[in-house]
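Thanks for coming. I will take this structure one region at a time, so please keep the display open as I talk.

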Amino acid sequence: MALIISALMLWFLQQAKAVDPTVAATLSSDSTEVGQPVELNIQINGSQRAQVPDKIDVEGLTVIHTGQQTQVQMQNFTITSSVMHTYTVQPDHAGKFTIPAITIEVDGKKLTTQPLALTVAGNSGGAGSSGGSSSNSGASSPNGQNPEVANKIAFSEIVLPKQTAYVGETIPIEIRVYFDASVRVQMNSVPTVKCEGFTIQNLTQPHQEQIEKNGRRYNFVSFKTAITPVKSGKLTLGPATLPYVAMVPQHRRASRPNGGNMDSFFDDDLFNGMLGGYTQEELTVKSNETDLEIKPLPATGQPGNFSGAVGLFSMATEASPLKLNTGDPITLKLKISGRGNFDMISAPHIVEEIGWRSYPPSSKFTADDDVGISGSKTFEMALIPEEKKAKLPVVEFSYFDPIAEKYVTLNADRLPIAVEGQGTPAPVAQASPASQPVSTPIAAKSVNDINYLLTGPAHWGESFDPIFTEPVFWKSQGVPFLAFLAFIGFQVNRRKGKDAVARRLAEARRQKSELMKILQREDTDPATFYSAATRYLQVEAASRSNRNPASIASAEIITMRPLDATTGNALQSIFATHEELHYAGEAVTRQKTPPAQRESVLDALKKFENARD
Amino acid sequence: MHAIKLKRNQAGLFKKTIMLIAVASLTLTAWAGDFQKDFERANQQYDLGKFNEAEAFYNSIIDAGHFSPELFYNLGNTEFRLNKSGAAILNYERALALSPNNPEARANLIFVRAQTGAKIAPEDWRDRIVASLDVNIYCWAAACSAWIIIFALAIILLKSRPNNLAPWLVAICSVAFLSYAIFAVYHFEQNSSLGIVISKSAEARFAPVDNSTLVAALPEGSRVWVLERRGPWIYCMLPDNSRAWISSDAVERVRLHAS
């Protein structure tokens with residue numbers, strides 16, 4: 001199947017030869033800035049056999065061939081083919097450039113492209129007149145095995161935007177590694193770069209894509225980072241070394257000296273898969289070294305608050321609140337944005353500190369790119385006006401501009417503010433401990449001083465915990481609790497006693513009522529009548545004295561209450577008659593008590609009842 | 001004979017009790033006397049201008065777990081002389097926590113606060129209605145009120161004359177006083193988490209992270225209420241009722257607990 005497709009492609013290519021070849025050059029953009037490459041594309045229509053230069057010499061630009069793309073189209077049974085050669089144009093410095101006409105030999109004919117204009121604006125990364133550079137090298141086996149194979153499989157280069165810089169200036173670098181696309185490669189680590197005299201940041205995650213370069217397809221891997229020179233002089237960067245494991249097709253190891261164009265034809269995974277197996281090789285790709293000229297920062301004109309920031313920066317100011325009272329804090333945010341060594345940027349300096357109190361600021365860096373060269377660093381600090389102020393204080397930030405090659409000082413915006421209220425009192429001039437007069441008690445109190453010591457006996461044993469957390473508090477509640485129990489017991493007993501008296505009185509009332517019924521009956525015989533009368537008197541006497549009625553003698557009853565002589569005699573007569581009748585026998589019981597006698601007795605009983613103790 | 005023997009035994013018991021009380025009093029006096037001596041020694045160092053030595057003496061008494069309003073007041077003065085205004089305010093606050101009506105401590109506190117610009121929450125209605133008394137007085141008053149209520153209710157329930165209004169009146173007044181005392185105790189307990197900024201630069205932040213957004217900068221001596229502690233940070237209620245995180249090194253609680 002592959003053979004049929006290949007034959008068809010060859011036929012198509014033969015058909016494509018019939019068209020007259022043309023060339024055209026275009027730029028991806030006719031303007032850029034230093035450090036920002038553009039693409040130069042040279043399109044050759046009608047032929048694929050063109051010889052293009054690997055490098056185009058233009059003063060101030062580095063133009064390197066980076067790949068090609070082949071395209072075959074069929075329209076109305078007319079087949080056209082085209083090849084696009086891509087160059088990377090890296091501006092070395094700002095200015096207007098002209099990429100000259102490029103002569104290309106196509107099928108033996110010499111064709112020329114039109115000249116192209118490119119305008120390059122300056123930026124922080126493209127200062128100096130030195131050109132960007134890249135150095136590349138091939139691969140090698142760590143144990144020296146198969147260097148030819150290694151060279152065929154991979155090569156590497158370090159791309160630098162410039163070759164001169166200042167101490168402290170952060171320079172972005174790119175480590176490019178090209179692996180032959182027909183070889184299966186496994187990377188187990190990131191490249192290591194020899195960088196004596198530089199600090200280097202961590203490499204970014206690799207960017208991978210497949211490209212065509214010099215007629216061969218490569219798996220292109222790019223790592224980015226940034227370096228910062230820490231000393232001046234001629235410093236060497238590199239090489240960058242990357243170990244990898246390659247699965248090399250076995251048939252590729254046999255040399256094919258006469259392979260010619262067919263090499264590329266058979267350098268295909270399809271044929272590799274069909275024609276042989278793979279062997280695993282541990283290899284290392286290494287770039288060349290490159291030199292940089294590092295200049296020291298100028299000593300003259302260096303601001304006092306310069307902290308080592310090198311780059312191109314701007315500063316924005318924010319503050320809140322803008323209306324406040326003295327002693328209240330203003331949150332001042334200073335955002336330093338741009339491109340440079342943000343690690344070396346320290347907090348801006350407050351020049352005018354009188355009437356202000358400040359606290360150490362916090363800082364936060366937000367990177368705009370992968371390597372942290374561009375971004376913004378925000379400082380946040382609390383400023384406290386101690387007196388009325390109309391504007392924020394003067395705050396300065398200084399850095400070295402490597403393009404202009406001079407120091408620059410930025411001032412924060414002095415935003416208007418409104419500070420209300422009286423100023424907080426200035427600290428009283430207190431004598432320092434060391435200079436305090438010796439042996440003189442500071443008893444004399446002045447307006448601007450504190451009260452003297454308390455020298456009397458101290459009240460020891462105080463506690464910060466409230467008393468209810470102490471056991472003694474709850475134990476002491478036992479005293480009122482016991483008193484409460486005693487009170488309840490007393491009240492209950494008292495109530496019980498009262499109930500007994502009430503019951504006795506009620507019983508006495510009931511007995512008296514029954515006896516009164518007997519006394520008031522007309523048919524009652526004298527013995528029963530006088531017995532009831534005597535009993536009535538006993539019950540009445542007992543109701544007031546808390547005694548048994550039967551135990552009270554008749555003589556005692558008469559003396560219990562203050563009675564007149566008539567009533568006393570009447571009562572004595574009742575008791576005497578009762579005794580007589582008691583011993584008289586049955587004859588008396590058949591008679592009725594005379595009404596006059598009954599009335600007299602009832603009258604005496606009533607008088608006894610009404611008599612008070 | 002037996003009566004005489006009983007009388008002699010009773011007299012012996014009385015003598016023993018008196019002796020026991022006397023020994024206990026002497027022990028307590030000696031115990032307090034040690035601190036009083038250290039206290040007086042610290043006062044002497046202060047008078048001699050040796051504030052560091054005075055501070056060490058005062059702190060040794062506190063470390064031993066013995067507190068008094070005078071001790072904290074004098075330590076506050078010493079801290080002020082050592083230019084530690086935050087610590088001075090803290091100790092005046094402690095003196096006032098033990099003795100709310102200490103006029104010297106109150107005056108010095110106001111004076112030092114004015115110097116540092118310390119932030120304190122404005123006095124609210126609760127501060128105004130609760131008299132500045134020792135919290136223990138409110139505790140005892142609450143306990144007494146509760147017992148009076150209990151006795152009054154018992155009288156109402158046990159007495160045979162229900163139309164007597166006196167116990168009802170006493171009970172109602174006691175309930176009102178008990179409510180006030182409990183409210184006062186609760187109000188004082190709210191201050192159990194009170195802390196004082198002792199650092200010269202206390203920054204209150206939204207989150208317990210150094211570069212978090214700044215909520216406020218609190219001068220030393222400012223009052224905060226500690227709500228939570230997380231590692232080297234404490235979550236506080238600030239004087240303006242906002243909440244923020246402050247480094248735990250910058251704040252110290254007013255209330256101490258005896259070891």
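One definition before anything else: helices here are DSSP runs of H or I with at least four residues, strands are runs of E with at least two, and both are numbered from the N terminus. On numbering in general, residues count from 1 along each chain as its sequence is written, while chains are lettered from A and ligands numbered from 1 in the order in which they are written. This is a predicted model, in which local features need pLDDT of at least 70, side-chain atom pairs count only at pLDDT 80 or more, and totals for chains, interfaces and linings use all residues.

Is G304(A) buried or exposed? A residue is called buried if 20 or more other C-beta atoms, placed from the backbone, lie within 10 Å of its own, exposed if 12 or fewer do, and partly exposed in between. G304(A) has 8 other C-beta atoms within 10 Å, so it is exposed. From G304(A) to H349(A) is 45 residues in sequence, and 9.9 Å in space, C-alpha to C-alpha.

Now chain A as a whole. It has 11 helices and 34 strands. Of its 613 residues, 30% count as buried. For contacts, the rule is that the C-beta atoms of two residues, placed from the backbone, lie within 7 Å. Among contacts in chain A with a separation of 6 or more, 74% are between residues 24 or more positions apart.

Next, some strands. Two strands pair if DSSP finds at least two bridges between them. One open sheet of 3 strands in chain A runs in the order β2-β11-β8, and its pairing is mixed. At its edges are β2 (31–33) and β8 (95–99) of chain A, each pairing on one side only. The average twist from one strand to the next is 30°. Within this sheet, β2(A) runs parallel to β11 (residues 116–121) of chain A, and 3 bridges join them. Across that pair, E33(A) stands opposite A121(A).

Another open sheet of 3 strands, also mixed, has the order β14-β24-β21 in chain A. Its edge strands, β14 (164–166) and β21 (233–237) of chain A, each have a single partner strand, so one side of each is left without a neighbour in the sheet. Here neighbouring strands are turned by 35° against each other on average, direction ignored. Strand β14(A) is joined by 3 bridges to β24 (residues 290–295) of chain A, and the two run parallel. A165(A) has I294(A) in β24(A) as its bridge partner.

Strand β9 (residues 103–106) of chain A has two faces: I104(A) and V106(A) are on the covered one, T103(A) and E105(A) on the uncovered one. It pairs antiparallel with β4 (residues 50–51) of chain A over 2 bridges, and V106(A) is the bridge partner of A50(A). Strand β9(A) also runs antiparallel to β10 (residues 109–112) of chain A, joined by 4 bridges. The hairpin of β9(A) and β10(A) has 2 residues between the strands, and D107(A) takes a positive phi near 50° there.

Last, the two chains together. How many residues does each chain bring to the contact? Chain B gives 54 residues and chain A gives 45 residues. On the chain B side, α7(B) supplies the largest share, 9 residues. By type, that side has 32 nonpolar, 15 polar and 7 charged residues. In this scheme Ala, Val, Leu, Ile, Met, Phe, Trp, Tyr, Cys and Pro are nonpolar, Asp, Glu, Lys and Arg are charged, and the others, Gly among them, are polar.

Helix α7 (residues 478–520) of chain A packs against α7(B) at an angle of about 5°, with the axes 11 Å apart. That makes the two helices, α7(A) and α7(B), roughly parallel, a label for angles under 35 degrees. Residues making this contact include F484(A) and F487(A) of α7(A), and W147(B) and F151(B) of α7(B). The contact of α7(A) with α7(B) divides into 9 nonpolar, 1 polar and 1 charged.

Terms used
Axes fitted to C-alpha atoms, helices over the stretch in contact; angles between N-to-C directions. Parallel < 35°, antiparallel > 145°, perpendicular 65-115°, else oblique.
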